[in-house]
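Me: I have a new model open. Can you walk me through how to read a few of its features?

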Amino acid sequence: MELVVTDLACARGGVPVLEGVDFTLVAGQALMLRGPNGIGKTTLLRTLAGLQPPLAGSVSAPTESIAYAAHADGLKATLTVTENLTFWARIFGQTDIAPAIEAFDLADLAGRPAQNLSAGQKRRLGLARLLVTGRPIWMLDEPTVSLDAASVAQFGRAVARHLDRGGAALIATHIDLGFEAGVLDVSAFRARPRRIDSFDEAFA
Amino acid sequence: MIALLQRDLKLAIRAGGGFGLGLAFFLIVVVLVPFGVGSDSGLLAAIAPGILWVGALLACLLSLDRIFALDHEDGSLDLLATAPIPLEGAVAMKAAAHWVTTGLPLTLAAPGLGLLLNLPASGYGWLAASLALGTPALSMIGSFGAALTVGLKRGGLLLSLLVLPLYVPTLIFGAEAVARGIDGRDTGTPLLMLAAITLAATALLPFAAAAAIRINLR
């Protein structure tokens, strides 16, 4: 699965933040998105995941091949770890959640409601969700927030395994995850200030 | 999509899910009315169809803002929008879950509460029938309103203002069907109109609601 992004421009709140974004992500490769806060890493990931339309440019991979993980984990507080994972697995047409439980060491927590998990445990559950999507391209937005060192290593191994199986990953992060990865510095694509003529205020 | 329906039902009956809240509200409204208008049983019987329908409508409104707001807060809505199930289907399922947890209990409880308002005996069947036909439209129209206000903080009041005018036709035909049933007149027209509103809302509004959600997620 190859992701080719050509001359992509995206906006946040009606203001263009990035333009001319060009990169290629091939199977087995991971790319780290770097850049200062507010540069548009999240906006780029949301645009690629299909949550907002690009202003210009094209993305080669269909949004059906992309699994997106945002700052929020999409967990229901009153459902248990197993119920949360099973729900997402069924939504994505998968049946087996055992590998995801194992990869993020959630077996001991399986019967606990998500509201009783710590922030780091919730994050692990949120990341385990990626494994039950069965999608080849992972788009991760700050995946290591609130993870301890051991969990970061665990997450690094999960991503490395995903890459070995022909997956790809685009990760916005500021820390080293312990595997070979290219770096894409988003600040190079910062949009120049300009007037937008067709700005629809109602939908800003 | 069945998974989504099952999850929403499960969430509704777990702690803090709000199941039964609408029903309790309905009960209280109906109990309060005789205190307000007095115990004249003739008067109560005359206003019973209208009061029961208005009560059901307000009870339905109570839980509308939860349909999408909670999923938006915890990020589930973003993930559902990128999931393989169509967002239109997700909207329809969430509206269905809302109906099963509010509209259906209201329909089942309404005849019992009709007793408190001295609803004439001939009206009970029509009350249940009109609610069964009309409440799905309330859930469907409500989820459209909830989709429009999904990104707003404390959008609940705005949601009520948006949705209540859209509930007017359902209310008119619903109360009319019960009133006609009590008088022994023909109830065919209002019941058919109720069914038409429900079918049209179910056919069209998932698309409108999904479009509104996509815009709100940008």
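Reply: Start with pairing: two strands pair if DSSP finds at least two bridges between them. Strands (E, at least two residues) and helices (H or I, at least four) are DSSP runs, numbered from the N terminus. This is a predicted model: local features need pLDDT of at least 70, side-chain atom pairs count only at pLDDT 80 or more, and totals for chains, interfaces and linings use all residues. Residues are numbered from 1 along each chain as its sequence is written, with chains lettered from A and ligands numbered from 1 in the order in which they are written.

Me: Which residue stands opposite Ala11(A)?

Reply: Strands of a sheet pair through backbone hydrogen bonds, either parallel or antiparallel. Here, Ala11(A) faces Pro16(A) in strand 2 of chain A. Strand 1 (residues 3-12) and strand 2 of chain A run antiparallel, joined by 7 bridges.

Me: What is the strand order of the open sheet in chain A?

Reply: The order is 2-1-4, with antiparallel pairing among 3 strands. Strand 2 (15-25) and strand 4 (56-59) of chain A each have a single partner strand, so one side of each lacks a neighbour in the sheet.

Me: Which residues have the most contacts inside the largest nonpolar core?

Reply: Such a core is a set of buried Ala, Val, Leu, Ile, Met, Phe, Trp, Tyr and Cys residues joined through C-beta atoms within 7 Å. Buried means 20 or more other C-beta atoms within 10 Å of the residue's own, with C-beta atoms placed from the backbone. The largest core has 129 residues; Met139(A), Leu52(B), Ala56(B), Ala147(B) and Ile213(B) have the most contacts inside it. Helix 6 (residues 87-114) of chain B gives the largest share, 13 residues.

Key:
Buried ≥ 20, exposed ≤ 12 C-beta atoms within 10 Å, placed from the backbone.
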